[in-house]
Amino acid sequence: MRIRTLTLAAASGAALLAAGVLPANASGAVHPTSAQEGSVSAADLLAKVTSCSQISNGKYKTDDETSATIPVCGKNGAVFWKADMDIDCDGQRTTNCNEDRDPWYQDDTAFHQSNGKPLKAESLPYIVVPSSSSIWKYSSYGIKGGGVVAVIYNNKVEYAVVGDTGPTKIIGEASYATAKALGIDPDPATGGADSGVTYILFKNSQVSPIESHSAAVSLGQQLAKQFITNN
């Protein structure tokens with residue numbers, strides 16, 4: 001979990017259906033090599049999330065300084081929100097994710113690799129969900145650590161996992177690797193995207209092991225196709 005107070009001007013703009021459990025032999029994260037993953041297009045996914053049936057009891061801020069305008073929306077087999085992207089660099093220390101590069105760095109993540117260690121934000125695409133509160137409790141809607149997420153930005157799709165939890169009133173955050181794969185500046189202090197990011201979280205899904213990006217892509221593609229068919 002990270003609790004960030006955005007005091008830097010440069011940082012203020014930082015930015016499924018059926019239960020799915022996909023085992024994988026790969027024990028390490030595979031860094032994404034393509035901006036568009038899988039055969040499901042961003043346009044096809046976005047066409048299914050043009051309207052919002054709000055399931056959260058209130059709305060979220062994208063940063064401490066902004067108003068609460070972002071609802072969590074429900075669809076068949078998924079929940080989604082449209083927000084910004086702040087950069088999460090928490091977890092294992094790496095070249096670009098450490099206390100020297102990230103003013104808000106924490107050496108742990110809410111969910112851990114199969115070996116018990118924190119996740120690696122620099123190499124594993126994951127997103128951050130708000131910690132449970134009166135606004136919304138993610139676990140009550142089939143969202144869990146390792147759940148599959150389709151993250152969409154600038155007509156690109158990146159599959160990620162639910163890897164960390166954040167503040168109870170702020171939404172819109174993903175790992176260094178997620179941002180980089182989508183062409184967003186991944187710098188934890190000055191990067192991110194101000195808006196235009198859609199997060200589709202597939203209910204009752206779980207990648208095993210959580211650190212296998214290839215497993216997330218494989219399962220995510222299956223669930224994305226089901227999502228389009230059933231909505």
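Which residues do ring pairs link into a cluster? They are Trp81, Trp136, Tyr141 and Tyr199. Keep in mind that this is a predicted model, where local features need pLDDT of at least 70, side-chain atom pairs count only at pLDDT 80 or more, and totals for chains, interfaces and linings use all residues. Residues are numbered from 1 along each chain as its sequence is written, and side-chain values use heavy atoms, leaving out hydrogens and water.

**Aromatic pairs**
- The whole structure holds 4 aromatic pairs (Phe, Tyr or Trp rings, the six-membered one for Trp, with centres within 6.5 Å; planes under 30 degrees apart are stacked, over 60 edge-to-face, the rest tilted).
- Trp81 and Tyr199 make a tilted pair, 5.9 Å centre to centre with 35° between the planes.
- Trp81 sits in strand S3 and Tyr199 in strand S8, so their pair ties together parts 118 residues apart in sequence (strands are DSSP runs of E, at least two residues; helices are H or I, at least four; both are numbered from the N terminus).
- Both Trp81 and Tyr199 are buried (under 20% relative accessible area; exposed is over 50%, partly exposed in between, with a 1.4 Å probe and protein chains only).
- Phe202 and Phe227 pair edge-to-face, at 6.1 Å and 70°.

**Disulfides**
- There are 2 disulfides (cysteine sulfur atoms within 2.5 Å).
- Cys52 and Cys73 have their sulfurs 2.0 Å apart; Cys52 is partly exposed at 39%, whereas Cys73 is buried at 4%.
- Cys89 and Cys97 have theirs 1.9 Å apart, and both cysteines are buried.
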